[in-house]
Amino acid sequence: MAAEELKSGPLEYRSQEGRMGILGFWIFLGAEVVLFATLFATYAVLFGRTADAPAPSELFQSGVGMTLVMTFLLLTSSFTCGIAVHEMRKGNAKGLATWLIITLVLGLGFLGLEIYEFNHYVHEGATLPSSAYWSAFFVLAGTHGLHVTLGIGWAICLLIQLKQRGLTNVTSRKFFVVSLYWHFLDVIWIFIFTGIYLTGMVL
Amino acid sequence: MALDEFFVTGEPLIYAGMVSIALVSAAIIFLLTYFKRWGWLWREWLTTVDHKKIGIMYILSALVMLFRGGADALMMRMQLAFPSLEFLNAQHYNEIFTTHGTVMIIFMAMPFLIGLMNIIVPLQIGARDFAFPFVNALSFWSFFLGAMLFNISFVIGGSPDAGWTSYTPLAGAAMSPGPGQNFYLMGLQLSGIGTLATGINLMVTILKMRAPGMKLFHMPIFTWSTLVTCFIIVFAFPILTVALALLTIDRIFGSQFFTLTGEGLPMMWANLFWMWGHPEVYIVILPAFGIFSEVIATFAKKRLFGYSAMVWSMIIIALLSFIVWVHHFFTMGAGAFVNSVFSVSTMLIAVPTGVKIFNWLGTLYKSKIEFTVPMLWSLAFIPSFILGGVTGVMLGMAAADYQFHNSYFLVAHFHYVLIAGTVFACFAGLVYWYPKMFGHKMNERIGKWAFWLFLIGFHVCFFPQYFLGLDGMPRRLFVTNIAEWLPLNVISTVGAFGMGAGFAVFVFNIYYSYRYSEREKTGDAWGHGRTLEWSTTTPVPFYNFATVPYVDEIDPYVRMKEEGKTTFDEKKLKPIHMPSYTGQPIIMMGFLAFASFALIFEWIPLAIVGLLLAVGSMIYRSFDYDDGYYVPVDEIKRTERKARGL
């Protein structure tokens with residue numbers, strides 16, 4: 001397994017372990033795409049099945065400002081995450097840490113707003129058990145939110161490891177992988193924003 | 001919760017089950033203590049990350065599960081042959097056909113094949129272990145604990161009883177209250193994590209760790225079948241994960257996905273389940289095709305006929321497997337157009353499968369066949385599987401399916417493909433690679449007894465079921481007191497006990513061979529090995545290959561033998577990097593299993609505690625930078641010289 005160590009190129013790709021880890025994570029993201037695709041399909045099938053609960057158009061129209069801010073926060077966080085990896089490639093551990101912390105703060109802002117939003121819907125009478133449609137909504141958006149939460153916790157662990165060990169083949173691979181994860185969640189959110197919120201407003 | 005709600009009570013068969021579980025557990029604990037083997041068990045097996053040992057644990061567990069599923073089957077056959085004895089009541093019968101199906105597919109067929117992949121694939125491609133050995137151990141423990149969780153349900157809490165397909169609304173909270181159905185959901189969820197991880201792991205292993213020079217189209221066919229299977233696993237298992245999660249949330253937290261209230265859609269479960277379930281069928285059959293191809297080429301002593309056609313047909317089958325799921329419920333009423341589309345896509349699968357059949361026949365054509373036990377299983381597979389395949393095409397015709405649907409015709413069909421395909425392959429593969437795993441062959445004479453008993457029993461058991469189906473006998477029926485069905489049911493039961501006897505002889509053979517079989521002296525046990533796994537010494541050293549060979553052709557070991565070469569080159573020895581053993585996988589999965597058990601009984605605070613412990617152990621793992629160790633050249637030299645008699 002101690003195959004050829006490369007002397008140049010990005011740190012995270014230099015060792016065989018690093019290359020395999022990154023490929024494995026890409027495949028895992030493929031599986032995650034299927035997971036979210038299934039949830040989106042479920043949502044689409046159950047669309048309009050609101051039973052006695054409020055219709056989504058009522059709630060989404062009044063809350064569109066907030067979901068727009070959430071979208072803005074998450075898209076920006078993907079950008080800052082990209083800068084963080086850029087700094088890492090330049091060998092700047094401090095820049096990596098700074099930009100990653102900014103990313104996490106934006107992510108936390110997103111999460112806070114999402115919790116507030118869910119809470120608001122529940123008060124309006126749209127809860128997980130209230131109808132098939134709302135079950136699908138909460139589970140789809142909630143699964144995304146749970147992923148964001150895990151991503152934040154994971155990145156915090158990595159920041160501590162960066163402080164302990166600095167930039168090595170291993171830590172840079174871990175940061176690169178968490179950045180892939182973060183961008184992936186951003187892409188999913190774009191589908192949620194357009195597929196759930198914008199579509200839900202007009203239909 | 002009162003104790004009599006926790007334990008299942010009032011059923012003599014289940015009391016007997018409890019007693020035997022207690023006795024077996026006590027015996028294991030006693031033996032381990034008496035022979036002071038606890039440390040050995042922990043150091044050598046429970047903490048291992050070696051793919052060969054993990055593979056052996058998979059296969060052992062799968063054999064135990066085959067016993068459990070088989071016992072379920074025999075109880076059902078008893079009931080159906082002698083309905084007036086009232087051996088089982090309706091509830092118990094429902095539970096048993098549910099656990100039989102689930103155990104056989106999820107906890108027997110898949111782990112058996114994954115076990116063989118674990119041991120053989122790295123050896124076939126010249127790798128020293130999996131890409132992620134730690135994850136491999138994690139996968140095994142997730143499967144094992146998931147299986148245990150599911151199996152314990154019949155004495156604690158009550159078995160699931162809604163069929164292995166667990167259709168809603170029957171499986172929902174309203175019609176199946178209590179922990180039974182939760183056992184199904186959590187058991188499958190827990191073991192599903194491991195299957196997905198194995199899929200990713202093997203894919204990276206095959207794509208990144210092949211011996212230098214080995215292109216994809218130089219790989220042994222079993223490795224190819226594994227790669228294609230992993231592709232299906234990665235894209236099908238998340239669907240099951242979601243389906244199980246949605247039903248769990250329905251049952252425990254009151255959502256309305258599959259309910260009859262709140263505008264839920266019960267038939268969506270059938271769609272989600274089979275969008276995973278049909279690819280799953282190919283997850284258990286493609287590796288079987290791979291095993292048969294290896295065995296047939298070896299004992300026909302020829303290169304596999306139509307190697308690239310074999311590969312491409314597997315790839316086409318894998319793609320088609322995702323677009324046929326509706327054929328499991330043509331009678332749902334999706335309309336003529338939808339049914340026609342899925343009817344055509346279903347029948348299309350017969351084309352690449354037919355290609356494979358002709359390639360096997362082409363390999364056998366004009367060859368000097370050696371009739372060893374693995375070859376017998378493979379030769380029996382071809383005609384038996386065709387019987388299953390052709391009836392599958394009959395079922396695939398949507399209009400005709402309205403007659404066959406949920407009858408014993410269907411039961412006979414899928415047992416013909418799953419047993420003649422998957423189970424024969426498991427036996428063939430185990431016997432074929434047995435010398436590589438344990439350093440001695442299984443006894444051929446006893447093996448032939450097991451083969452003939454099982455093969456004849458199989459046909460006697462399932463062939464009459466086609467006719468029972470055509471006579472209108474529905475599946476999952478507990479009383480068959482209709483006179484014209486009775487004779488065929490009795491014949492079928494006789495066959496089932498024949499299969500049971502075959503399995504018993506097979507297991508006896510494991511013991512007999514351990515005691516009396518000649519120990520292997522060379523690595524190439526059958527004398528006709530064609531692929532790299534036979535070039536290793538027996539027993540295989542823990543690092544597999546001291547020096548990795550250069551490979552630029554199919555069946556490289558054939559030429560190596562002709563030229564008198566080995567893969568070992570003492571001049572090229574370098575220290576070998578190996579991963580350290582660790583107890584983290586079993587502990588991590590133990591926490592998750594604890595959380596799942598609590599969730600099954602809807603003890604939410606305990607489930608949260610288990611989940612937090614699991615997350616904590618993952619964080620611990622993230623901070624653990626154990627990088628493995630290097631095996632020094634001296635040690636490799638000593639091991640290899642001893643094994644090769646240099």
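Chain A is built from six helices and zero strands, where helices (H or I, at least four residues) and strands (E, at least two) are DSSP runs numbered from the N terminus. Read from the N terminus on, its elements go α-α-α-α-α-α. What you're looking at is a predicted model, in which local features need pLDDT of at least 70, side-chain atom pairs count only at pLDDT 80 or more, and totals for chains, interfaces and linings use all residues. Residues are numbered from 1 along each chain as its sequence is written, while chains are lettered from A and ligands numbered from 1 in the order in which they are written.

Taken along the principal axes, the C-alpha atoms of chain A fill a box of roughly 65 × 30 × 25 Å. Of the 203 residues in chain A, 39% are buried. Here a residue is buried if 20 or more other C-beta atoms lie within 10 Å of its own, exposed if 12 or fewer, and partly exposed in between, with C-beta atoms placed from the backbone. Now take the contacts in chain A between residues at least 6 apart in sequence: 81% of them join residues at least 24 apart. (Two residues are in contact if their C-beta atoms, placed from the backbone, lie within 7 Å.)

Next, chain B. Chain B has 21 helices and two strands. Its radius of gyration, taken over C-alpha atoms, is 25 Å, close to the 26 Å that the globule rule gives for 646 residues, so chain B is as compact as a globular protein of that length. That rule is 2.2 Å times the number of residues to the power 0.38. The C-alpha trace of chain B spans about 75 × 60 × 45 Å along its principal axes. In chain B, 54% of the 646 residues are buried. And of the chain B contacts with a separation of 6 or more, 83% are between residues 24 or more positions apart.

Where they meet, domain 1 of chain B puts in 19 residues and domain 2 of chain B puts in 17 residues. On the domain 1 side, the elements that give two or more residues are helix H6 (133-151) and helix H7 (180-208) of chain B. H6(B) supplies the largest share of that side, seven residues.

Now for the inside. A nonpolar core is a set of buried Ala, Val, Leu, Ile, Met, Phe, Trp, Tyr and Cys residues joined through C-beta atoms within 7 Å. The largest one has 253 residues, and Ala243(B), Phe292(B) and Ala428(B) touch the most other members. Helix H9 (residues 266-300) of chain B gives this core its largest share, 23 residues. Both domain 1 and domain 2 of chain B give residues to this core, so it lies between them.

Most residues other than glycine have a negative phi, and most peptide bonds are trans. Thr168(B) and Pro169(B), however, are joined by a cis peptide bond, with omega about 5°, and Pro169(B) sits in the loop between H6 and H7 of chain B. The loop between helix H17 (486-516) and helix H18 (556-562) of chain B holds Pro539(B), and the peptide bond from Thr538(B) to Pro539(B) is cis too, with omega near -5°. Asn544(B) is also found in the loop between H17 and H18 of chain B. Its phi is positive, near 65°, and Asn544(B) is buried, with 22 other C-beta atoms within 10 Å. Lys36(B) also has a positive phi, about 50°, but Lys36(B) counts as exposed, with 8 C-beta neighbours inside 10 Å.

The predictor gives the complex an ipTM of 0.95 and a pTM of 0.96.

Notes
Domains from an automatic or database assignment.
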